[in-house]
Amino acid sequence: MPMNAAKDTPHLSAELAAFAANLRYEDIPAPVLRRAEDLLLDCLASILAGASARAVQAIDRYAAAMGPADGPSEVLITRRRTSPLFAAMVNAAAAHVVEQDDVHNGSVFHPAAVVFPPALAVAQALGSSGRDLLVAAVAGYEVGIRVGEFLGRSHYKIFHTTGTAGTLAAAVTVGRLLKLTPEQMLHALGSAGTQAAGLWEFLRDAADSKQLHTAKAAADGITAAYLAREGFTGARHILEGPQGMAAGMSTDADPSKLCDRLGERWALIETSFKFHASCRHTHPAADALQQALRDNNLTEADVEHVVAHVHQGAIDVLGPVVNPQTVHQSKFSMGTVLALIARQGRAGLAEFDAGLDDPAVAAFRGKVEMALDPEVDSAYPQRWIGKVTVTTRDGRTVHGRVDEPKGDPGNTLSRPEIEDKTLSLGRYADAASEKELRGLIDTIWGLEKVEKVGALLARG
């Protein structure tokens, strides 16, 4: 019997489904809607920046071979049109490759990459309004984040939460655009959850699986929602049932997280922007090292050794990457990220491209170690504290600390900073022209007034 099947116990999956199905534009506070626009623009920039990545191009060729040659939905990286499923698949893969898409700290989940690609693709197919798209995205964020929090730290140790919780987030997003009933939405969650997947083992081999995780989460979410509209049923207790996601994927699942203050606590505005072009687990230490070097007038040449004081999740994810073989794998190397910070003052796309085969970066990487820190670990994942200890060549020991890395809600990006990030990412590898990007910015800032969502970029 499901853990919540007793008459006096709420049916949590059904509560989530009802919330998502019944959410209205008028229910959502204006700051949440404006932040949803911010996150959408940030995501679109990451999609464009990922256009030239080999793994993304492989998925795009697959989509072109398997999907229709034309359709209502836009593949942003090529400007071609196809069905919603294949457009969302490619866009979601591209969103998650340059490591600049958003992250929710408490769930360790990247919502944008699995929410906005299906939202945009389906909205274009249905002719939905900008308001409809925003409501669907908010629903996807609120449900996906809570599922990630519910599954807990034990889940994240093995499973890539963006692939697992992300499948449900995508289903809810699309289900809201399809105007599913609460009962249909519950079935969409069931079908999404039974498909949810994504394992961290790919990091050891520098494999391309991370892009497949988001591509499949977006596509499988679309499949689950459209099937639910056709009367297809899914497990009604997919999250909390005795053979559901928590039972198979977690040892510390917390059912109280699933419906935590739905409609009162807006988890979307807790989401962080990524300032550095690397795994989020590297960001606190990167900011702390920047501070330590700046405050003590140190350069790369002054550094003998760096200890990054981290939480266990950082060790689990970053630890396997000892000698990165690709640019993408190097973004999961604490030593590489801190080397770029020390040498260049930043860890952006260009720095990673140039740093992979740089002997000086490799030499600095050898000076970096990670150490589990009780304070940092106990605060995680609600807070991502950054602490480093730097030993200098002349024998001094200096420290750096940040309590909110750049991009966190308390240290967030302003709209001008988001625009600058969009222009920088969008121009990477000539993915888009400045004119296209300026038009994209204007469109997203005025999205609530758009009556029918169409193509965002000119067809090539």
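Biologist: How many cavities of 30 Å³ or more does the structure hold?

Modeller: The structure holds three cavities of that volume, 30 Å³ or more. A cavity here is a set of points, on a 1 Å grid over the protein atoms alone, where a 1.4 Å probe fits but cannot get out, and its lining residues have an atom within 4 Å of a point. The volume is the space filled by probe spheres set on the points, with grid points joined across faces, edges and corners. Please keep in mind that this is a predicted model, in which local features need pLDDT of at least 70 and side-chain atom pairs count only at pLDDT 80 or more, while totals for chains, interfaces and linings use all residues. Residues are numbered from 1 along each chain as its sequence is written, and side-chain values use heavy atoms, with hydrogens and water left out.

Biologist: Which residues lie nearest the centre of the largest cavity?

Modeller: His110, Tyr156, Trp200, Cys279 and Arg280 do, among 14 lining residues, and the space in this cavity comes to about 90 Å³. The lining has seven nonpolar, three polar and four charged residues, where Ala, Val, Leu, Ile, Met, Phe, Trp, Tyr, Cys and Pro count as nonpolar, Asp, Glu, Lys and Arg as charged, and the others, Gly among them, as polar.

Biologist: And why does the largest cavity lie between the domains?

Modeller: It lies between them because domain 1 (12-273) and domain 2 (280-402) both give residues to its lining. Those bounds come from an automatic or database domain assignment.

Biologist: How many residues of each domain are in contact?

Modeller: For domain 1 it is 21 residues, which are in contact with 19 residues of domain 2, contact meaning heavy atoms within 4.5 Å. The centres of the two domains, taken over C-alpha atoms, are 30 Å apart.

Biologist: What lines the second largest cavity?

Modeller: This cavity, with about 40 Å³ of space, has a lining that includes His281, His309, His311 and Lys387. Helix H12, strand E5 (303-310) and strand E7 (386-392) each supply at least two of the lining residues; helices (H or I, at least four residues) and strands (E, at least two) are DSSP runs, numbered from the N terminus.

Biologist: Changing topic, which residues of H12 meet H15?

Modeller: Ala285, Ala286, Leu289, Gln290 and Leu293 of H12 meet Met334, Val337, Leu338, Ile341 and Ala342 of H15. By class, that contact has nine nonpolar, one polar and no charged residues.

Biologist: Last one, where is the cis peptide bond?

Modeller: The cis bond joins Tyr380 and Pro381, with omega of about 5°, and Pro381 sits in the loop between helix H18 (374-379) and E7.

Methods:
1 Å grid on protein atoms, 1.4 Å probe; cavity = no way out; pocket = protein on both sides within 12 Å on 5 of 7 lines; lining within 4 Å.
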